[in-house]
Amino acid sequence: MHILRPTFKQGSLSKGKACVNCRRRKIKCDGGKPICGPCAKYSTTFGDCEYTEDGISRAQILEEQISILQDRIEELERPSLPNRSRFSPSLQRPVITRRHSTPTPQISLSNTMRLGPLLSYFYSQQTSGSSLGPTNSMPTELPFIVLQALVHNFLHNASCFGFFLDTQAFHDAITSAQARNLPPVLLNVMYLWGVHLAEDARITAYEPAFLAHALRSTAGSLSGTHPRTVLHSLQASVLLAYYFIRNARFLEGRYHTSAAVSIAVSSGLHRIRAPRDDTTAALRGPDALPAPKDAWEEGEQIIAFWNVLTLNNCWAGTDGSPSNVSYGASGLKIDTPWPLDRRDYVERPHLLPLQSSGTVYNFLDDVPDNATSDAALHAKAGILFEETTKLTARYRTNGIPLNDPEYSILDRKIDGFTQRLPTVNSKGMLVVHMLAYGSTIQLHKAAALERPASHSKLLAAAQSVVGILEKTDVSNIGLIDPILAPLWTTVSLVFIAEIAHQRKQLGTTRVGDLTKSLNVVIAAMEVFAPHCRLMTVQLDAVRRAYHDAR
């Protein structure tokens with residue numbers, strides 16, 4: 001996956017005086033305050049402009065926290081290492097009401113709450129007639145009924161952002177009279193998402209205050225006393241990671257991704273249904289969750305783990321940083337079985353194996369399995385994508401050698417996986433297909449000019465993406481997983497590079513079909529750019545790349 005970032009010519013400035021952003025990207029910094037020239041010009045890409053001479057920057061604090069979390073994950077992957085108490089959260093057993101049948105969904109697009117009347121009533125009660133601007137006021141200034149409506153609306157698209165809890169149960173809880181008694185950590189993050197997606201200036205003006213409130217509530221969330229503290233804290237970390245990623249704030253997104261992986265591994269979610277022996281018990285660690293009480297509770301934990309792993313796999317390497325998880329003999333051993341569709345945990349629990357061992361290792365080693373649910377395919381696509389990212393990063397400078405066996409094996413694995421995928425019939429399956437074709441593009445783009453076979457596969461994968469988009473009613477799809485922004489950027493770059501190649505190297509101007517394909521992808525990005533900052537940033541970068549290639 002390729003996140004486009006602008007570059008500048010190198011220039012001179014006193015050593016150590018450049019801002020954190022410019023130093024990290026090795027570009028010229030003019031030292032301007034409160035914001036330097038490059039950061040001002042590319043504010044949507046760079047984020048905050050900070051100087052270390054003014055004290056430790058927010059970015060440095062986050063990087064240190066990320067380093068601590070990654071060290072903790074490494075300790076958890078290798079239980080024999082010392083100092084296991086460095087970051088040991090207090091975990092408590094969740095309590096879930098036993099279910100004997102599949103719940104009937106009660107929330108749908110047809111009964112989404114209308115915020116207009118609620119907001120009109122609320123603002124008619126205000127004594128001031130002036131319009132709201134950005135505020136740091138406490139979130140309680142918004143009526144509770146408005147907050148409930150915001151969360152209600154978010155839940156329709158929560159699956160796009162890694163929501164793994166029972167959507168219907170959470171909806172019932174948040175709209176009940178007891179909603180105020182729910183643990184604040186997840187509640188505040190849900191309110192943040194509701195405000196973020198409101199698309200009403202009177203509501204989104206409160207977003208900075210809700211963000212600050214949500215971050216404060218996560219600081220000590222694992223020390224809470226609610227019976228579902230661990231899963232709520234894990235869900236909050238996942239949602240915050242997606243929130244920052246969607247807003248193109250990758251450092252903060254990486255921090256909360258690392259936190260989610262740490263909680264999931266600490267609580268033993270990677271060892272569900274592992275063989276029961278003394279070694280397994282030791283590997284689960286002292287913070288592991290107790291065995292689930294029923295099939296529904298176990299299913300929720302299984303889905304939670306794979307959502308966390310997929311979050312990590314899809315966004316690992318976007319800024320050159322290493323993944324939080326490694327596989328193989330020296331890495332994390334994942335025994336948790338592949339996820340089922342949610343209803344199957346109650347209706348068809350026999351689909352789960354009695355014991356499960358080496359789930360990811362077996363998949364990468366081509367051991368057959370019967371895991372064909374949408375959730376399992378999503379998890380597998382994320383693993384292949386992350387494996388491709390790791391392999392190509394290893395040869396980023398000179399390209400993958402022709403004789404590298406790992407390259408050929410992974411190429412065949414991706415091809416086989418893609419060929420067996422069902423047709424796109426949902427937003428989730430759209431993401432799976434995009435990840436699969438994105439893996440092919442990632443694997444072959446460096447060698448496309450030297451290897452005719454790679455060039456052909458590269459263009460074929462990009463055209464397959466276009467074919468799917470042409471058959472999809474993109475304008476009515478609603479909210480989407482933010483991973484589609486960089487994936488569509490990667491596809492666009494394939495067409496831009498090919499257009500430039502044919503014009504300059506082959507001396508032809510007959511690139512109409514390529515331009516048409518590029519426009520299909522750009523049109524899809526334009527649908528979502530007004531509502532997603534990451535898509536806006538990526539779309540602007542695609543347009544600049546196309547302009548420069550002309």
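Q: In which loop is Ala248 found?
A: This is a predicted model, in which local features need pLDDT of at least 70 and side-chain atom pairs count only at pLDDT 80 or more, while totals for chains, interfaces and linings use all residues. Residues are numbered from 1 along each chain as its sequence is written, and side-chain values use heavy atoms, with hydrogens and water left out. Helices (H or I, at least four residues) and strands (E, at least two) are DSSP runs numbered from the N terminus. On that numbering, Ala248 is found in the loop between helix H11 (229–246) and helix H12 (250–266).

Q: Is Ala248 buried or exposed?
A: Residues are called buried under 20% relative accessible area, exposed over 50% and partly exposed in between, with a 1.4 Å probe and protein chains only. Ala248 has a positive phi of about 60° although it is not a glycine. The relative accessible area of Ala248 is 9%, so Ala248 is buried.

Q: Which residues does Ser356 touch, not counting residues up to four places away in sequence?
A: Ser356 has its place in the loop between H15 and H16, and with a relative accessible area of 8% it is buried. Ser356 and Asp335 are 21 residues apart along the chain, while their C-alpha atoms are separated by 5.4 Å. Taking contact as heavy atoms within 4.5 Å, Ser356 touches Ile272, Arg273, Ala274, Pro275, Asp335, Thr336 and Pro337.

Q: How are H8 and H10 oriented to each other?
A: Axes are lines fitted to C-alpha atoms, for helices over the stretch in contact, and angles run from 0 to 180 degrees between N-to-C directions. Helix H8 (residues 184–196) and helix H10 (residues 207–218) pack at an angle of about 160°, with their axes 8 Å apart. The contact is made by residues including Tyr191 and Leu192 of H8 and Phe210 and Leu211 of H10. Angles under 35 degrees count as roughly parallel, over 145 as roughly antiparallel, 65 to 115 as roughly perpendicular and the rest as oblique, so H8 and H10 are roughly antiparallel.

Q: What classes of residue does the contact of H20 with H21 have?
A: Helix H20 (residues 452–470) and helix H21 (residues 484–504) pack at an angle of about 125°, with their axes 10 Å apart, and H20 is therefore oblique to H21. Among the residues that meet are His455, Leu458 and Gln463 in H20 and Trp488, Phe495 and Glu498 in H21. Ala, Val, Leu, Ile, Met, Phe, Trp, Tyr, Cys and Pro count as nonpolar, Asp, Glu, Lys and Arg as charged, and the others, Gly among them, as polar. By these classes, the contact of H20 with H21 has ten nonpolar, two polar and one charged residues.

Q: What classes of residue does the contact of H21 with H23 have?
A: H21 and helix H23 (residues 533–549) pack at an angle of about 5°, with their axes 10 Å apart, which means that H21 is roughly parallel to H23. Among the residues that meet are Trp488, Ile496 and Lys504 in H21 and Met535, Val542 and Tyr546 in H23. By class, this contact has 14 nonpolar, three polar and one charged residues.

Q: How many disulfides does the count come to?
A: A disulfide is a pair of cysteine sulfur atoms within 2.5 Å. The sulfur of Cys29, which is buried at 4%, has its closest cysteine sulfur in Cys22 at 3.9 Å, too far for a bond. Cys36, buried at 1%, has its closest cysteine sulfur in Cys39 at 3.6 Å, also too far for a bond. By this rule, the number of disulfides is zero.

Q: How many helices and strands are there in the protein chain?
A: Buried residues make up 54% of the 550 residues in the protein chain. Of the contacts in the protein chain with a separation of 6 or more, 72% are accounted for by residues 24 or more positions apart. The protein chain has 23 helices and zero strands.
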